[in-house]
Amino acid sequence: MTHNTGLTPKFQPELTPPLEELEAQERHLVFRQFTYEDAWALGSLLVELARERQAPVAVDIRRGGQQLFHAALPGSTPDNDSWIDRKRRVVERYGSASYLVGARFRAKGSTFEESSRLDPDEYAAHGGSFPITVEGVGVVGTVTVSGLPQLEDHRFVVEALEEFLNKSL
């Protein structure tokens, strides 16, 4: 007989996409340039997709430390803005998607909170923040969503980036 304690296991590899897949997303989702107009268009696309799905999210886009776009949809709360800041700081520090950073720690049998030595009130390696990378330049900013479970936040951002970049070609 199996006894369910109701506790969530610390590591569930079947739920986490392979590191190779997450790393490939970053190699693939690269901009030729990233302007104020691009930030507005990408943010507007995220809001449009969120409204279609009635997703209770907040959206944030930054470049070089400047907030270029922010929107809070119905159902989001001030806590989502705190999560945005914490996830964004992970991307700024590591140069990789917040979900990928957390997955790398989990793949080593630990967690970001246990092993990074960073203040969890300031940093969260949870899904939803993705680097804005410009070809030949590197990471110049972040696009972040908060309000869904972390893998859904991550996938939502990736989906919007893929759609946006495919339109730009």
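Two strands pair if DSSP finds at least two bridges between them. Helices (H or I, at least four residues) and strands (E, at least two) are DSSP runs, numbered from the N terminus.

This is a predicted model: local features need pLDDT of at least 70, side-chain atom pairs count only at pLDDT 80 or more, and totals for chains, interfaces and linings use all residues. Residues are numbered from 1 along each chain as its sequence is written, and side-chain values use heavy atoms, without hydrogens and water.

| Pairing | Sense | Bridges | Bridge partners |
|---|---|---|---|
| Strand 1 (residues 30-31) with strand 4 | parallel | two bridges | F31 and V134 |
| Strand 4 with strand 5 | antiparallel | six bridges | F130 and V143 |

Strands 4 and 5 form a hairpin with three residues between them. In the turn, G136 has a positive phi of about 80°. Strand 4 is mostly covered: six of its six residues are buried (under 20% relative accessible area; exposed is over 50%, partly exposed in between; 1.4 Å probe, protein chains only).

**The cores**

A nonpolar core is a set of buried Ala, Val, Leu, Ile, Met, Phe, Trp, Tyr and Cys residues joined through side-chain atoms within 4.5 Å. The largest one holds 36 residues. F31, F34, L42 and V143 touch the most other members. Strand 4 (129-134), strand 5 (138-146) and helix 2 (36-53) are among the elements that each supply at least two residues. Helix 6 gives the most, with eight residues.

Take F34. Beyond its neighbours within four places in sequence, F34 is in contact (heavy atoms within 4.5 Å) with residues including L42, I132, V134 and V140.

Another core, of seven residues, lies apart. Its members include V101, F112, L118 and Y123.
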